Amino acid sequence: MTTASVTMATDQLTPQEREYAITLLTQTEAGVFASIKGFTDAQLQYKPATDKWSVEDCVKHIAAAEKELWQMADAVLKLPANPDQRAGIKFTDAQLVAAVEDRSHKSKTFAALEPANSPYKTVAEALKAFKENRKKLIAFVKNTQRDLRNHVVVLPLGTYDSYQFILLIAAHSNRHTQQLEEVKNSTDFPKN
C-alpha cells in the first residue's frame, strides 16, 4: 500500500469525514449491544477453548480499549501538530478500517487491554463505560475544530493521523463484535 492514496491533510474535518466517522462509531456501538442482547451468564462466560476469549472477555476488552485508545489519541492532540509524521501513514481511511476489521489476521493485544486486566468486573459495568466513552467520542467528532489530520499517532503497529485513529477505535469494536459472533457460532455455545 502506498501513501499516495492517503487523504490529504487539511485544517479541519470535511463534512463527509465527520459524517463517516460518526456513522461508523454509531453503527459499531449498536453492533456491540445487538450482539449480546438477552445473553445469559452461561452464554457470556462460555469459552470455545481454554485459550479463547468468552463473550464477556470480548466486551471487557472492547470497553477497556475504547477508553485507552482514545486517551492515546487525545494525548497526541494536546501536543503541537506534527504534519511531517504523515509520511509514515501507509493506509487510506478505508484501508485502515478494513485492515482492523479483518479477523483473518490475528494480533496480540497490549497487556493492559487483556480481559484479565480489565478495570470492569462485570459485563454491565463494561457496557456502561463503553457507552459513556463512545458518547463522548461521538460528541468530540461532531464538535471538534481540531486539526485531526496533522496530529499523527506513531505506534509500533503503525502510524495514523488522529482522525484515522478514531476510525481505528470504531473498527476495533467491530473486530471484536465479529469475535463475539464467532463464539456464539461455536458448536457447544449454550442455548437459551
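Start by selecting Val-76: apart from its neighbours within four places in sequence, this residue is in contact with His-151, Val-152, Val-153 and Ser-162. Contact here means heavy atoms within 4.5 Å.

Before going further, a word on what you are viewing. This is a predicted model, where local features need pLDDT of at least 70, side-chain atom pairs count only at pLDDT 80 or more, and totals for chains, interfaces and linings use all residues. Residues are numbered from 1 along each chain as its sequence is written, and side-chain values use heavy atoms, leaving out hydrogens and water.

**Stop 1: around Val-76**

Helices (H or I, at least four residues) and strands (E, at least two) are DSSP runs, numbered from the N terminus. Is Val-76 buried or exposed? Val-76 counts as buried because its relative accessibility is 14%; buried means under 20% relative accessible area, exposed over 50%, and partly exposed in between (1.4 Å probe, protein chains only). Now draw a distance from Val-76 to Val-153: their C-alpha atoms lie 6.4 Å apart, while 77 residues separate them in sequence.

**Stop 2: along helix α1**

Next, select residues 15-36, helix α1, and pick out Glu-17 within it. Glu-17 has 10% relative accessibility, so it counts as buried. Then click Gly-31: from Glu-17 it is 14 residues away in sequence and 21 Å away in space, C-alpha to C-alpha.

**Stop 3: the N-terminal end**

Select residues 1-9 and colour by pLDDT, the predictor's confidence in each residue, from 0 to 100. Over residues 1-9 the pLDDT stays under 50, and the model has 22 contacts for them beyond four places in sequence. For the protein, the mean pLDDT is 91, with 95% of residues reaching 70 or more.

**Stop 4: the whole protein**

Zoom out and trace the chain from the N terminus: the elements run α-α-α-α-α-β-β-α. The radius of gyration is 17 Å, close to the 16 Å of the globule rule for 192 residues, so the protein is as compact as a globular protein of that length. That radius is taken over C-alpha atoms, and the rule is 2.2 Å times the number of residues to the power 0.38. Along the principal axes, the C-alpha atoms fill a box of roughly 50 × 30 × 30 Å. Of the 192 residues, 48% are buried. Finally, show the contacts between residues at least 6 apart in sequence: 84% of them join residues at least 24 apart.
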